[in-house]
Amino acid sequence: MQVINKPDFVINDANCKEATGKTIAEWFAELDAFGGIKQGRRPSLTHIVSMTSMREMSWATSLYVEYEKHHGIVKKDGLAEGYSICVTKTISAPVEKTYAIWADSKAFAQMFGDGGTQNLSEGGEISCNAGCKATFTRIRPNKDLRFTWHHPGCTAPMTVDVMFQDAKGKTLMNVMTSRIQTKDEADGLRNAWAEFLNKLKSLAETA
């Protein structure tokens with residue numbers, strides 16, 4: 001899997017003003033007045049959205065993540081909470097079939113690309129010729145997977161949670177990645193996992 005660390009939009013004053021009506025500095029001042037650090041992420045995001053005509057959360061999330069960085073807010077490990085992304089896909093196949101395709105080494109290699117391999121066991125690894133690496137920390141067949149993740153150019157390891165949920169005989173897939181340190185990485189991962197799930201959907205619905 002190739003992850004291209006490139007943002008869907010650049011966070012600068014001109015783009016921010018056009019999308020939200022305020023510059024980055026103006027938003028930081030607004031969040032300071034709101035008590036953004038004390039209030040926390042969810043209330044702050046709600047506050048940002050309530051003051052704009054934004055229909056989606058991309059700019060609001062980006063502003064708050066950058067606001068935390070501006071104030072030097074980090075977790076115990078010294079890293080920022082950062083970005084979280086969730087890529088979803090509804091697949092017209094039961095969970096058991098969808099999971100079996102993910103678990104199949106030949107199908108996984110086809111979906112992951114770049115010579116992708118996986119050892120689907122706790123402590124097992126995902127790797128590929130493009131340099132992506134992951135280690136499974138939890139496996140619950142037909143329910144969920146969890147693994148640590150890093151790819152070339154990423155700032156720090158991340159956590160990925162994959163959920164297989166029954167939706168009246170179909171599978172609702174969720175791939176959530178957390179602790180992403182930059183928007184470049186977040187958008188690159190979102191696009192890469194979206195491509196992966198499109199391939200999983202194609203195999204599950206035609207196999």
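Predicted model: local features only at pLDDT ≥ 70, side-chain atom pairs only at ≥ 80, totals over all residues.

Let me begin with a term: a residue is called buried under 20% relative accessible area, exposed over 50%, and partly exposed in between. At 32% relative accessibility, Lys 69 therefore counts as partly exposed.

Lys 69 has a charged partner. Its salt bridge is with Glu 66, and the closest N and O atoms are 3.7 Å apart. Both residues belong to helix H5, 3 residues apart, which is about one turn of the helix. Glu 66 is partly exposed, at a relative accessible area of 23%.

In general, two packed helices are described by the angle between their axes and the distance between the axes. For helix H2 (residues 24–34) and helix H5 (residues 58–70), the angle is about 75° and the axes are 10 Å apart. H2 is therefore roughly perpendicular to H5. On the H2 side the contact is made by Ile 24, Trp 27, Phe 28, Leu 31 and Asp 32, and on the H5 side by Leu 63, Tyr 64, Glu 66, Tyr 67 and His 70. By class, these residues comprise 7 nonpolar, 1 polar and 2 charged.

I turn now to the sheet. It is open and has 7 strands, in the order S1-S7-S6-S5-S4-S3-S2, with antiparallel pairing. Strand S1 (83–91) and strand S2 (117–118) are at the edges with a single partner strand each, so one side of each has no neighbour in the sheet. Strand S6 (residues 158–167) and strand S7 (residues 170–180) run antiparallel and are joined by 9 bridges. Within this pairing, Phe 164 is opposite Met 173 in S7.

Two helices pack on the sheet. Helix H6 (residues 95–103) touches S1, S2, strand S4 (133–140), strand S5 (144–150), S6 and S7, and its direction makes about 145° with that of S6. Helix H8 (residues 183–206) touches S1, S5, S6 and S7, and its direction makes about 15° with that of S1.

Two loop residues deserve a remark on backbone geometry. Most residues other than glycine have a negative phi. Asn 142, in the loop between S4 and S5, has a positive phi near 65°. Lys 168, in the loop between S6 and S7, also has a positive phi, of about 55°. Asn 142 is partly exposed, with a relative accessible area of 30%, whereas Lys 168 is exposed at 86%.

How many salt bridges does a search of the whole structure find? The search finds 13. One of them joins Asp 161 and Arg 146, at 2.6 Å from N to O. This pair links distant parts of the chain, with Asp 161 in strand S6 and Arg 146 in strand S5, 15 residues apart. Asp 161 is buried, at 15% relative accessibility, and Arg 146 is partly exposed, at 31%. Both residues belong to a network of salt bridges that also includes Arg 138, Arg 140 and Asp 144.

A further salt bridge, at 2.6 Å from N to O, is formed by the side chains of Asp 187 and Arg 190. Both lie in helix H8, 3 residues apart, about one turn of the helix. Asp 187 is buried, at 2% relative accessibility, while Arg 190 is partly exposed, with a relative accessible area of 30%.

Conventions: Residues numbered from 1 in each chain as written. Heavy atoms only, no water. Pairing = 2+ DSSP bridges. Helix = DSSP H or I, 4+ residues; strand = E, 2+ residues; numbered from the N terminus. Contact = heavy atoms within 4.5 Å. Axes fitted to C-alpha atoms, helices over the stretch in contact; angles between N-to-C directions. Buried < 20%, exposed > 50% of the residue type's maximum accessible area, 1.4 Å probe, protein only. Parallel < 35°, antiparallel > 145°, perpendicular 65-115°, else oblique. Nonpolar A, V, L, I, M, F, W, Y, C, P; charged D, E, K, R; others polar. Salt bridge = Lys/Arg side-chain N within 4 Å of Asp/Glu carboxyl O.
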